[in-house]
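Hi there,

Here is the structure I promised to pass on. Have a look, and then read on for what turned up.

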Amino acid sequence: MKLPFAESYKMKMVESIRKSSWEERVEWIKAAKYNLFNLRSDQVFIDLLTDSGTGAMSDKQWSALMLGDESYAGASSYFKMKTAIKDIFGFDYFLPTHQGRAAENVLFSAMLKEGDIVPGNAHFDTTKGHIEFRKAHAMDCTIAEAYDTTNSFPFKGNIDLNKLEYILENNPREKIPLIIITATCNTPGGQPVSLQNMKEVYTMAKKFGIRVFIDSARFAENAYFIKMREPGCQDKTIREIVREMFQYADGMTMSSKKDAIVNMGGFIGLSDKELFQQASIYNIMYEGYITYGGMSGRDMNALAQGLYEGTEFDFLETRIKQVAYLGEKLDEFDIPTQNPFGGHAIFVDAKRFLPNMPKEQFVAQTLAVELYLEAGVRSVEIGALLADRDPVTRENRYPKLEMLRLTIPRRVYTNNHMYYVAVAMKNVYDRRFDITKGLKIVNEAPIMRHFTVELERVQ
Ligand SMILES: *Cc1c(COP(=O)(O)O)cnc(C)c1O
């Protein structure tokens with residue numbers, strides 16, 4: 001008999017989680033203004049809000065913490081991180097930052113000005129926030145296949161080269177300081193970008209003299225998908241694929257809270273010394289001196305170790321098979337999801353789940369509230385709330401996809417937890433025709449409103 005799949009680690013420490021009653025949850029979600037970010041973590045049984053900073057560190061990472069060097073300048077922990085970044089990505093220069101958006105803030109301070117254009121595949125929300133905050137424009141050039149959840153194209157994170165070329169040809173070169181490839185691409189469902197697409201984007205960018213950066217939070221998951229799906233790549237190691245991916249980039253921003261499996265941290269990787277020097281000024285202003293940049297030495301040690309663990313095939317296989325397990329269970333219950341399954345999450349297609357709900361009533365957020373009421377599972381909306389308002393017209397933006405994201409933390413939950421979530425979704429699905437009223441906004445922030453928005457039920 002063929003041996004079944006099993007996790008590539010065992011557990012050494014556990015944390016209790018608490019179930020609650022339906023009545024408790026009705027009270028709590030109302031008090032949270034129907035915004036799941038406002039729930040206390042002890043009001044949640046299974047927390048699939050995000051995979052960001054929620055992973056379980058390994059014994060080797062915890063022991064690396066003890067060897068942290070807390071010197072202000074030139075700490076050995078800084079050099080451990082520098083060595084890991086050179087080893088894994090090939091970049092000679094790097095700046096530590098306290099998390100991914102801080103890397104964006106520092107890099108964009110050095111590179112972007114008002115009126116600039118930043119093409120890419122779908123930009124991450126903080127990336128877009130930092131671009132639009134500077135009165136520059138993020139242009140989404142993702143391929144059309146990404147927005148059809150029934151299309152199983154293997155690289156739905158790819159950039160449409162025709163769209164990109166159109167933008168590059170029709171704008172002055174100095175208005176486009178960089179192109180950003182987000183790998184994997186979160187917005188359409190944690191979808192990978194192919195090596196071939198990265199190469200083609202890079203070749204085109206160089207023709208126009210434009211830099212390419214990779215928004216790299218989930219670079220290792222992207223490399224796993226390349227290995228599994230891209231012709232000619234199955235015999236390459238994850239590290240070989242990663243090195244090749246980053247040959248097609250001039251730099252990277254990294255949220256280490258994802259594929260480096262730490263609870264906090266980030267960095268910028270660069271090949272260009274001059275840009276490194278310019279960005280260093282902002283790093284010192286916003287983050288800290290260039291050899292710690294908002295991180296303690298022990299955190300840099302754990303991060304360096306995490307980069308190596310996060311690029312091991314066995315770890316990635318365990319992780320991505322767990323995500324797929326949840327997706328397969330949802331498939332068995334006929335629940336509509338984004339296909340193929342993404343790297344870090346299963347994305348439920350909320351418009352197909354609740355087809356009669358008007359988009360103005362925040363379909364995916366309504367579904368997130370119902371899932372919480374059903375079983376104490378916290379998920380997150382990737383839809384109209386997240387898409388925010390147009391910075392110029394201030395009209396609500398309604399994205400092509402309204403998704404409920406079930407995000408799986410790394411090395412945290414078992415497949416029994418995944419099965420529990422799948423059954424909870426099925427129970428909501430069975431009563432979907434009773435869910436007729438959605439939500440409306442009573443209070444919102446001018447930018448990145450989804451974190452703090454207050455909602456109430458439509459009467
Ligand atoms: C998480 C993330 C960021 C922002 O990083 P933080 O560490 O949350 O500040 C940027 N881009 C992508 C693709 C991400 O996943």
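At what angle do helix α6 (residues 161–169) and helix α7 (residues 195–207) pack, and how far apart are their axes? Before the answer, a word on the ground rules. This is a predicted model, where local features need pLDDT of at least 70, side-chain atom pairs count only at pLDDT 80 or more, and totals for chains, interfaces and linings use all residues. Residues are numbered from 1 along each chain as its sequence is written, and side-chain values use heavy atoms, with hydrogens and water left out.

**Helix pairs**

The angle between α6 and α7 is about 15°, and their axes are 11 Å apart. (Axes are lines fitted to C-alpha atoms, for helices over the stretch in contact, and angles run from 0 to 180 degrees between N-to-C directions. Helices are DSSP runs of H or I with at least four residues, strands are runs of E with at least two, and both are numbered from the N terminus.) That makes α6 roughly parallel to α7; angles under 35 degrees get that label, over 145 is roughly antiparallel, 65 to 115 roughly perpendicular, and the rest oblique. Their crossing is right-handed, where right-handed means that the near helix is turned clockwise from the far one by less than a right angle, and left-handed means anticlockwise. From α6, Leu161, Leu164, Glu165 and Leu168 make the contact with Asn197, Glu200, Val201, Met204 and Lys207 of α7; contact means heavy atoms within 4.5 Å.

Next, α3 (residues 76–89) and α11 (residues 297–310) pack at about 20°, with axes 8 Å apart. That makes α3 roughly parallel to α11, and here the crossing is left-handed. The residues of this contact divide into 11 nonpolar, four polar and three charged. (Nonpolar covers Ala, Val, Leu, Ile, Met, Phe, Trp, Tyr, Cys and Pro; charged covers Asp, Glu, Lys and Arg; the others, Gly among them, are polar.)

Then there are α8 (residues 219–229) and α9 (residues 238–247), whose axes come within 9 Å and cross at roughly 110°. The two helices are therefore roughly perpendicular to each other. Among the residues that meet are Phe219 and Tyr224 in α8, and Ile241 and Phe246 in α9.

**The ligand**

You'll find 13 residues around the ligand, and the closest are Gln99, Gly100, Arg101, Ser255 and Lys258 (a residue is near if one of its heavy atoms lies within 4 Å). A polar side-chain atom of Gln99 is 2.8 Å from a ligand oxygen atom, and a polar backbone atom of Gly100 also lies 2.8 Å from an oxygen atom of the ligand. For Arg218, a polar side-chain atom is 3.0 Å from a ligand oxygen.

**Tyr292**

Tyr292 sits in the loop between α10 (273–286) and α11. Its C-alpha atom is 7.5 Å from that of Thr97, 195 residues apart along the chain. Leaving out residues up to four places away in sequence, Tyr292 touches Tyr72, Pro96, Glu287 and Met300.

Most residues other than glycine have a negative phi, and most peptide bonds are trans. A cis peptide bond joins Ala183 and Thr184, with omega about -10°; Thr184 is in the loop between β5 (178–182) and α7. Another cis bond, also with omega about -10°, joins Asn339 and Pro340. Finally, Tyr34 has a positive phi near 55°, and lies in the loop between α1 (22–31) and β1 (46–47).

Cheers

Conventions: Polar contact = N/O pair within 3.5 Å; in protein donor to acceptor, adjacent residues only side chain to side chain.
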